[in-house]
Structures are given as C-alpha cells and as structure tokens.
Amino acid sequence: MTTDLHGIISAYRDSPELGVLVQGRTASALTFAGRYRLVDFALSSMRLAGVRNVGVIMQKEYQSLMDHIGSGKDWDFSRKSGGISLLPPFSLDAARSGEYSGLLEALLSAESYLKRIQENYVVIMPGNMAFNLDLKAALAEHIASGAGITAVCFDGIPNGEHHRFVMDEEGNVKEMLYRRVGVGTGVADLDTYIMNKDVLLEMVDIAASEMRYRLHGDGVRGYLNRGGKVHVYLHKGYAKQVNSIKDYLEANMDMLVRENRRSLFPMDRPILTKDRADVSTYYAETSKVTNSLVSDGCFIEGTVENCVISPGVHIGKGTTLKSCIIMRDTVIGDHVTLEYVISDKYAHVNDGTCLIGSEAVPVVIPRGVTA
C-alpha cells in the first residue's frame, strides 16, 4: 500500500559529543541494540507507512551509512524509478567545505530534488533518533487537521536541548518555545515534521532570500508567525535522540528494560535492517549471561551482565563484562574486566585488561584498536 507521502531523512549533522564513535561514520550509522543502526528507525517507519520514495541528506563521514543503506532493498526501497536517493553534501558556502548551518540550507542545496517530488506531503525525520513512529496515523491526523505543518512531539523528557510547543484544545500550536531544557510548558518536539509540499518549498524559498537556515527557529516559527497553522501529533512510546556518548550508552541500556523494547519493537511495526547471516551464539559451560542482549555469531566463555553484544564477538574465559556495549567482531581476551565500556567494532582487548568507566563517563575503545 502506497501513500501520498515523501520521506526525507536528515543524516547530515555533525555530532562532536560522540567523539571517536563518529570517526569514519555519521551518528545515523551507529549500531543500536546489537544488530540495528539508528537510521533503521526512520527507514522502517517510512516503509511501514507506505512511503515509496526517500531522500537521505548527508554531510560527511557518510560512507558507512551508504554501505548500510545500499540500494534500500532491505526496506523494499530498491526500484527502477524512485526508491532511495542518497543526497551528498553541497553547501551554499564553499568556504565551509560542505557543512550546513541548518537543515533549511541542507534542503536548499537539494532544491532540484525537492522540486521533483511528486507526493503532496513530505515527512522529515532525523537519522539519529531511536523511536518507532506510527507514521501512517500521524499523516492521517495531519491531513484531518488542515494544518500546513504537523510537529511530531511527545510528553516525555528529552535528553538535552529541545523545542516545545504549547497547544490549544484541538492540538494546534499557539506558541513555540525555542531551545528549552528539561520539563516545561507544552510538549517536546522530536525533530520530526510532516509538511504540505508547497509549504516546504515556500519555506526553502524564504530561507534562500533571507539566508536564515534553521528549520525550527526560522522555518517552523516563521511559518507560525506568518499565520500558518501548525498541528501537534503526540507520539506515545519510547523516544531518544543520540547526540553524545552518554546518550548512546543510555539508549542501549534502556533496551534491557522490557517495556522499552516492547515500545520500540512492537510486533505490528517491526524495525527492518540490513542483517548478516550468522550461526547461533555459542555459550560455553563457563559462561554466565544475565539481562543482556546477545546477537548471533558470538562465542562466550565468560560472564556478561547488563550488556548489549553485537554479532561476531568473542568473550574469553574468566572475563567479566558489566554494563557494556560491544560492537561486532570485537575480540575480548581471558581474565578481562570491563565495566561501562563501549567497544567499537574490530577492537581487541588483551588478556588481563581492566577498564572501568561510569554511567556518566564510559570508556570508549575506538574501532580496530588493541587495548
């Protein structure tokens, strides 16, 4: 079933607080819950809503993201006409080497692509957000509201700085509160918007003429100030944007809580991903695994507690892991102690190593490094 909706994923953002985890990759390509990537949530939400055409806006360090998405066949976006379009960076200011000052500049740089969109509605979603959006219901509410823009929000407490919307009784926005932290009036936005295509094109044109490129502060708030109607769709369920190492650890640890997993991975809205074929995980007689997510293809001889383990990981004898995220094909030797450690893929931890971080400041082992 197709829908009159075009998808755009913003995967261009620089995330310096993710440190070495985004050396060679964008945040959208980060491994999540062992076997997924963060971008899978936006792609899957669009696919399950019947979206047929998706543009992915990139900036830099995007090779890993391109390798993961490929032709889009794992989300049924591989087709002769349309499907997935990977939009490489092209800043309007060449001196910034492809860095966008805001999403509207990113959209403006892809203006020719936007003008070729055939659908009447466009959804813009971040690639680094872990949430399972019922996009079909959100689009239906947007159309019924008669609004030019619908902001997808939730009534939880987002991590870090965000924007909030104050609504009337019908769910229409009365006021936008810009750059807030913690709990406040109204509901928090999830950086996800459904727009009428003509509204989006007008917003991009105004951005070009005024050189004001922030989607929230210039685009959405500007549209609201011009008398435009903005509606709120309230997402009910888990949602977390990953902008820092602390965010990344918390989001993965959240998946060890059953209620969060059920919210993010409901049976009726499965998250699709590019999977790899692995044999079942081997658990030696010396192994002990509790409250952990362990992918296929692992070899475990030690103790694993409150951890998220990707495919192809080897954990040696006498080794103890607590509250760790271990990405694929990492080899951990014998008699190792790791607590609050994030190990990027292809890392090697020598026998007898002891690395202990904290929930606030986890230890990160870079990709391919021997520790």
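Visitor: Is aspartate 191 buried or exposed?
Guide: This is a predicted model, where local features need pLDDT of at least 70, side-chain atom pairs count only at pLDDT 80 or more, and totals for chains, interfaces and linings use all residues. Residues are numbered from 1 along each chain as its sequence is written, and side-chain values use heavy atoms, with hydrogens and water left out. Buried means under 20% relative accessible area, exposed over 50%, and partly exposed in between, using a 1.4 Å probe and protein chains only. Aspartate 191 has 13% relative accessibility, so it counts as buried.

Visitor: Which side chain does aspartate 191 join through a polar contact of 2.9 Å?
Guide: A polar contact is a pair of N or O atoms within 3.5 Å; within protein, one must be able to donate a hydrogen and the other to accept it, and residues adjacent in sequence count only if both atoms are side-chain atoms. The 2.9 Å polar contact is with the side chain of histidine 216.

Visitor: Histidine 216 sits in helix α7. Why is α7 largely enclosed by the rest of the structure?
Guide: Helices (H or I, at least four residues) and strands (E, at least two) are DSSP runs, numbered from the N terminus. Helix α7 covers residues 215–225, and its buried residues include His216, Val220 and Leu224. The helix is largely enclosed because its buried residues number nine of the eleven.

Visitor: How many residues does the largest nonpolar core have?
Guide: Such a core is a set of buried Ala, Val, Leu, Ile, Met, Phe, Trp, Tyr and Cys residues joined through side-chain atoms within 4.5 Å. Ile57, Leu107 and Phe165 have the most contacts inside the largest one. Its count is 38 residues.

Visitor: Which cysteine has the sulfur nearest to that of cysteine 307?
Guide: A disulfide needs a pair of cysteine sulfur atoms within 2.5 Å, and the count here comes to zero. Cysteine 307 is buried, at a relative accessible area of 0%. The nearest cysteine sulfur is 4.5 Å away, and belongs to cysteine 324.
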